Amino acid sequence: MKLPRISSAAVHNQFVHLAILCLLFAPFSRSHYFQPHCPTSFAFVSSLSSLSPKSNLLGAETSEALSSIAVSPSSSPPSSSSVSKQQQRQSISSPLQKYVSATRARVDATPVTAPPRHGGLPHSMTPSQAVFNLSHLRRGDEREDLRERKNEGRMIKERRRLYDHFARWGFAVVRLDDEGDILRMNHLWKYVVTFFERTSHQDGCVENIPKLSCVPGSRSPLIKTGYVGYPERGMEFLETRLRLESVPHSPLHEKEKTDPVDLFLPKGIAAILGDNGDNILRRAVEAQKMLVSIGREVVLEVMMHALHDIFGKTTDLLDVEAAAKKIVKDFVDDGQMLATTVEDAENDGEEAVCMSPHRLCRYSFVPKNQNQSDSDSDTARESFGAHTDTSFLTLVPASKVAGLEIWCENNAGDGGDKGMWIKPEALAKENYCQNFNGNNDPSWHDRYLVVMAGEITELLTLGQVPSAVHRVLTVRGAKSRYSAPMLMRSRVGAKMDLHKYYGFCTSSGVGLTIETSGQQEKGKNDENIYYKYLKSIDGIEMEELHMILQ
């Protein structure tokens, strides 16, 4: 993530917030943030034309501007001197520097121009290919093994197609088709809109919101909640988290009867939301749990198919599936404790707060130079610069106001260009218009989620699934963009153990060779570079990995 530009007069007051954000919104656009001598001003020319007239998300006043606009990138403050790290982190970061450098290069490779083609899509992608029905992806409590799924038909094909899309592009658009899920999403948006309307129109409201800070008593310095705003950049964020719950139907769960409002952090947000704040927050918590549940399902599918593709030819498929389930259960913080009894929870000392944050965001267009008249080219700007996320997945509910863009790299046969920025919310709107015969439903976006792969998934799938490079644009004359992403991250204390999680693939466990699937000559086996990355973090906590990748 890129940080907002900070004027010299404000550096002293904003420095602490910048330091917190360095840990919170990671990793940033490394190509600009970590290079102190980078240019601070240049123009991006981007194709943002709608997929079709009926999928215009920003309204008539900006449709013409989006056909070919000059984008002013966000600029970043110079990098501060790095704080010396523990010896273990230094030894780990050295092998991983190749990965960090490669990710930085991917961000740097996003070109200045991306000419329109096929309505703003790569040759090998269509709206129908990018959108997946959630009901085709979800499984019941009794999970069938991979060998039995060959005869399962459409649902299994959809799950495989989902993985293939992630492996090719690093993201997918998921359509909710359960009315209860759609209603929860509607409640989530009411909560987001109510919060920002209150902060805009209630005098003294912002001053009463807890400022971004560490959660008292948490085991990790990365667990932060609170509000931070950058008016000069037109950006506001509220970082929220839930306290962990015990697994349903467990002895520990039966002992707990917790009001959802009591699970929500930071405290005091219900009062900000007004007289009906408790009810708004209860519904918002239920929506957040829905997002986490969907994210967990998607991570599991991606991990199972990735490990199947890597090891399936030489390994029992039941072992592959069991390994994927074990990785997801132990690593992905889905808001539920691993302990099932009071005694286990006390003995294990589990973190009480979820590492996976839910973030409320508002992005508004602010002229590059407020002291001078804007140039004609300053039609839109890159409020949130190109970056990847340190997460398993980032789930972004589709917004009414477009702005999220994902960089899609082309293969050699896709027309010769390096790739292009695409608007996933336009894909969602196009899908809605095709399937629901209309364009006037103001709540169409309640049905759609944009799901993007993060760096942790890229590493744990040994490079089979790339992390999504993405950014946020704001457009002159358009309404502010609201966003409510959920970032699926690792549990506090989760530790990489290659023998435990990947030892199934060879009798000797660690030290295997892997089919590199295109990274080497066809038919030639060699040790996958991502496995070298994994070996470098064997035995460390995932929290350390999170810090290294920043």
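Visitor: Over the ring of which residue does the charged end of Arg 471 sit?

Guide: This is a predicted model, in which local features need pLDDT of at least 70, side-chain atom pairs count only at pLDDT 80 or more, and totals for chains, interfaces and linings use all residues. Residues are numbered from 1 along each chain as its sequence is written, and side-chain values use heavy atoms, with hydrogens and water left out. A charge sits over a ring if NZ of Lys or CZ of Arg is within 6 Å of the ring centre and within 35 degrees of the ring normal. The charged end of Arg 471 is 4.2 Å from the centre of such a ring, and that ring belongs to Trp 421.

Visitor: What kind of aromatic pair do Trp 407 and Trp 421 form?

Guide: The whole structure contains 14 aromatic pairs. Rings of Phe, Tyr and Trp (its six-membered ring) pair if their centres lie within 6.5 Å; planes under 30 degrees apart count as stacked, over 60 as edge-to-face and the rest as tilted. Trp 407 and Trp 421 are 5.5 Å apart from centre to centre, with 65 degrees between their planes, and their pair is therefore edge-to-face.

Visitor: How many residues apart in sequence are the parts that the pair of Trp 407 and Trp 421 ties together?

Guide: Helices (H or I, at least four residues) and strands (E, at least two) are DSSP runs, numbered from the N terminus. Both Trp 407 and Trp 421 are buried, where buried means under 20% relative accessible area, exposed over 50% and partly exposed in between (1.4 Å probe, protein chains only). Trp 407 belongs to strand β13 (residues 404-409) and Trp 421 to strand β14 (residues 419-422), so the pair ties together parts whose separation in residues is 14.

Visitor: Which residues do ring pairs link into a cluster with Tyr 432?

Guide: Tyr 432 and Trp 444 form a tilted pair, at 6.5 Å centre to centre and 45 degrees between the planes. Tyr 432 is in helix α14 (residues 424-436) and Trp 444 in the loop between α14 and β15 (448-453), so this pair ties together parts 12 residues apart in sequence. The charged end of Arg 447 sits over the ring of Phe 436, 4.2 Å from its centre. Ring pairs link Tyr 432 into a cluster with Phe 436, Trp 444 and Tyr 448.

Visitor: What is the handedness of the crossing of α11 and α12?

Guide: Axes are lines fitted to C-alpha atoms, for helices over the stretch in contact, and angles run from 0 to 180 degrees between N-to-C directions. Helix α12 (residues 317-331) packs with α11 at an angle of about 145 degrees, their axes being 9 Å apart. A crossing is left-handed if the near helix is turned anticlockwise from the far one by less than a right angle, and right-handed if clockwise. The crossing of α11 and α12 is right-handed.

Visitor: Which residues does Glu 158 touch, not counting residues up to four places away in sequence?

Guide: Glu 158 lies in helix α6 (residues 154-169). Glu 158 is buried, with a relative accessible area of 13%. Contact means heavy atoms within 4.5 Å. Beyond the residues up to four places away in sequence, Glu 158 touches Phe 132, His 136 and Leu 137.

Visitor: How far apart in space are Arg 175 and Phe 132, C-alpha to C-alpha?

Guide: Arg 175 is in strand β5 (residues 171-175). At 11% relative accessibility, Arg 175 counts as buried. Arg 175 and Phe 132 are 43 residues apart in sequence, and their C-alpha separation in space is 5.9 Å.

Visitor: What percentage of the 550 residues in the protein do buried residues make up?

Guide: Eight of the eight residues of helix α18 (residues 542-549) are buried, so α18 is largely enclosed by the rest of the structure. Ser 490, in the loop between β18 (486-488) and α16 (498-502), is also buried, with a relative accessible area of 9%. Across the 550 residues of the protein, the buried share is 57%.
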